[in-house]
Amino acid sequence: MEKIFESEYRFLSILWENEPIASPELVRLCNEQLGWKKSTTYTVIKKLTDKGIVKSENTVVSALVAKDEVDKWQSEELLQRTSKGNIPLFLAAFLKDRKLSRADLDRIRQIIGEAEEEK
């Protein structure tokens, strides 16, 4: 997947919440929520269409990639960029000087348990 910039992600968030959506309505939402002009919205639609992330047919825009796929890809990219894929190193840097609630710790333990390899 090609890199998705912050502005594109914000656009996609609006799209995911409202898809499929007529492009004039999407232009209106982007103006209200992002302060974008019509031309900016259409430029982003074109860029994301060229990247294979959205499609626009008969003035109706929809995503070709789900939010969880994009989030997973961006998380992997961040892990590689900051810690060369080393999850413990990433977590140590991320959690440094951060206090977690009991609920957060329990949820993290649950996630780790689900990810643990079978013995």
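In which strand does serine 62 lie? Serine 62 belongs to strand S3, which spans residues 60–63; helices (H or I, at least four residues) and strands (E, at least two) are DSSP runs numbered from the N terminus. The model is predicted, so that local features need pLDDT of at least 70 and side-chain atom pairs count only at pLDDT 80 or more, while totals for chains, interfaces and linings use all residues. Residues are numbered from 1 along each chain as its sequence is written, and side-chain values use heavy atoms, with hydrogens and water left out.

Serine 62 is buried, with a relative accessible area of 12% (buried means under 20%, exposed over 50% and partly exposed in between, for a 1.4 Å probe and protein chains only). Not counting residues up to four places away in sequence, serine 62 touches Leu15, Glu19, Pro20, Val54 and Lys55, contact meaning heavy atoms within 4.5 Å. Leucine 15 is 47 residues from serine 62 in sequence, and their C-alpha atoms are 6.9 Å apart.

Helix H2 (residues 23–34) packs against helix H3 (residues 38–50) at an angle of about 115°, with the axes 9 Å apart. Axes are lines fitted to C-alpha atoms, for helices over the stretch in contact, and angles run from 0 to 180 degrees between N-to-C directions. To this contact H2 contributes Ser23, Pro24, Leu26, Val27 and Cys30, and H3 contributes Lys38, Thr41, Tyr42 and Ile45. Six of these residues are nonpolar, two polar and one charged (Ala, Val, Leu, Ile, Met, Phe, Trp, Tyr, Cys and Pro count as nonpolar, Asp, Glu, Lys and Arg as charged, and the others, Gly among them, as polar).

Just after H5, aspartate 97 adopts a positive phi of about 60°.
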